[in-house]
Amino acid sequence: MKTLRFLTMTTCMAALVLATSCGSTRGLGRRGTVIQKTEKAASKAGKVTPANPVAETKGVEKVDLSDSIQRLTFLQQVNDHAQHARFITSKVKFSIELGSQNMTLTGNLKMKRDDVIRLQLMAFGFVEAGRLELTPDYVMIIDRINKQYLKVPYSHLDFLRNSHIDFYVFQALFWNELFQPGKSRLTDSQLKSYNTEVGFDNDVVVAMEDGKLSYRWLADHNSAQVKMANIMYNDRYRGNYQLNWDYVDFKRNDSKLFPMTHKVSFTAPQKEIKFEMMLNSIGNEDNWEPRTTLSGKYRQVEVEEILRRFMAL
């Protein structure tokens, strides 16, 4: 039971760390700086190889980023990689690294465009230990073992509120797409608000600033496919908070490409947590209920109680 409790609480807390933390040096740079990637493994993982379907995508002409028309055309090509599918589902292998603690769980990813993102995590392969459910209205984290849950609007979680992260930002991150906070869709006129510059290996850094926030994407120069996303909240008093999301191993989902491996890190001045989500195969199942209902056996808890449990692990 102690092992199950540890698995469950770590699983549930992984999502909540996003509310209080997020800044490793592997970020996408800030305010006009070029991406610096010192880790060879990271650059190699993100680099397109002949075996990678991204390399099979018809390349674009050499882009002159100083030319507004070519820059907008490139951004439109990046945005055109958005998925056509209404549903994306897959079995997943999910690893968590928190300090010296490491664990691997299996589970299921179920997403419905503009409606829900659900991640079910299993202990020992058959017991659902935890569930993370994101909808346009709330964040829900369920601890199956201890029969408790947290269900709050995004505005109740400090980092999400301060970073302007809502459901549509999460959706873009999970679906490997560009986003603009507060917008559910990107139009050509909104694309004009992004800046671009040459990054590592001639990849293109797509950037946007919003006060203390900076948003960065790394797009492959030839295919215009997003390979990395980054959100940084710059707090001069408490330090920087950063979310970094890498996309690796692209496979075809109908006519589009989708990353089969997502490497995510949340970093704060004094803590860091890393996730790796590996999809088994992409499906488009639609015969599942998009909202979780709980019996009266479950007890709703506050953010502070969940955080106390997390900090005690």
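Lys112 lies in strand E2 (residues 101-112) of this predicted model. At 19% relative accessibility, Lys112 counts as buried, a label that means under 20% relative accessible area, with exposed over 50% and partly exposed in between (1.4 Å probe, protein chains only). Beyond its neighbours within four places in sequence, Lys112 is in contact with Arg86, Phe87, Gln171, Trp175 and Trp288; contact means heavy atoms within 4.5 Å. Helices (H or I, at least four residues) and strands (E, at least two) are DSSP runs, numbered from the N terminus.

Residues are numbered from 1 along each chain as its sequence is written, and side-chain values use heavy atoms, with hydrogens and water left out. Because the model is predicted, local features need pLDDT of at least 70 and side-chain atom pairs count only at pLDDT 80 or more, while totals for chains, interfaces and linings use all residues.

**The chain as a whole**

- The protein chain holds eight helices and 14 strands.
- Of its 313 residues, 55% are buried.
- The chain exposes about 14,600 Å², and carbon and sulfur atoms supply 48% of that area. Accessible areas come from the Shrake-Rupley method with a 1.4 Å probe; for residues, only the protein chains shown count as cover.

**Nonpolar cores**

- The largest nonpolar core has 68 residues. Such a core is a set of buried Ala, Val, Leu, Ile, Met, Phe, Trp, Tyr and Cys residues joined through side-chain atoms within 4.5 Å.
- Leu109, Leu134, Phe174 and Trp217 have the most contacts inside this largest core.
- Helix H6 (residues 167-175) gives the most to this core, with seven residues.
- Another core, of five residues, lies apart from it; Tyr138, Met140, Ile142 and Tyr298 are among its members.
- Leaving aside neighbours within four places in sequence, Leu109 touches Ile88, Thr89, Ser90, Val92, Ile117, Arg118, Leu119, Phe174, Met277 and Leu279.

**Helix H6**

- Eight of the nine residues of H6 are buried, so this helix is largely enclosed by the rest of the structure.
- The buried residues are Phe167, Val169, Phe170, Gln171, Ala172, Leu173, Phe174 and Trp175.
- At the start of H6, a side-chain oxygen of Asp166 comes within 3.1 Å of the backbone nitrogen of Tyr168.
- Asn176 follows H6 and has a positive phi, near 65 degrees.

**Helix H4**

- H4 (residues 68-79) has 12 residues. From first C-alpha to last, H4 reaches 16 Å, close to the 16 Å expected at 1.5 Å a residue; the expected span is 1.5 Å times one less than the number of residues.
- Phe74, Leu75, Val78 and Asn79 are buried in H4. They cover an arc of only 140 degrees around the axis, which puts them on the same side of H4; the arc is that of the directions from the helix axis to the C-beta atoms.
- An α-helix has 3.6 residues a turn, so residues three or four places apart point the same way.
- The buried residues of H4 pack against helix H7 (188-191) and against strands E7 (195-198), E8 (204-210), E9 (213-219) and E10 (226-235).
- At the start of H4, a side-chain oxygen of Asp67 comes within 3.1 Å of the backbone nitrogen of Ile69.

- Ala268 is in strand E12 (residues 256-268). At 11% relative accessibility, Ala268 counts as buried.
- Ala268 and Asn240 are 28 residues apart along the chain, yet their C-alpha atoms are separated by 6.4 Å.
- Glu276 is in strand E13 (residues 271-279). With a relative accessible area of 23%, Glu276 is partly exposed.
- Not counting residues up to four places away in sequence, Glu276 touches Lys93, Phe94, Ser95, Thr261, His262 and Lys263.
- Glu276 and Asp246 are 30 residues apart in sequence and 9.4 Å apart in space, C-alpha to C-alpha.

- Ala224 has a phi near 65 degrees, a positive value in a residue other than glycine. Its place is in the loop between E9 and E10. Ala224 counts as buried, at 0% relative accessibility.
- Asp249 has a positive phi of about 60 degrees, although it is not a glycine. Asp249 is in strand E11 (residues 239-253). At 32% relative accessibility, Asp249 counts as partly exposed.

Conventions:
A polar contact is a pair of N or O atoms within 3.5 Å; within protein, one must be able to donate a hydrogen and the other to accept it, and residues adjacent in sequence count only if both atoms are side-chain atoms.
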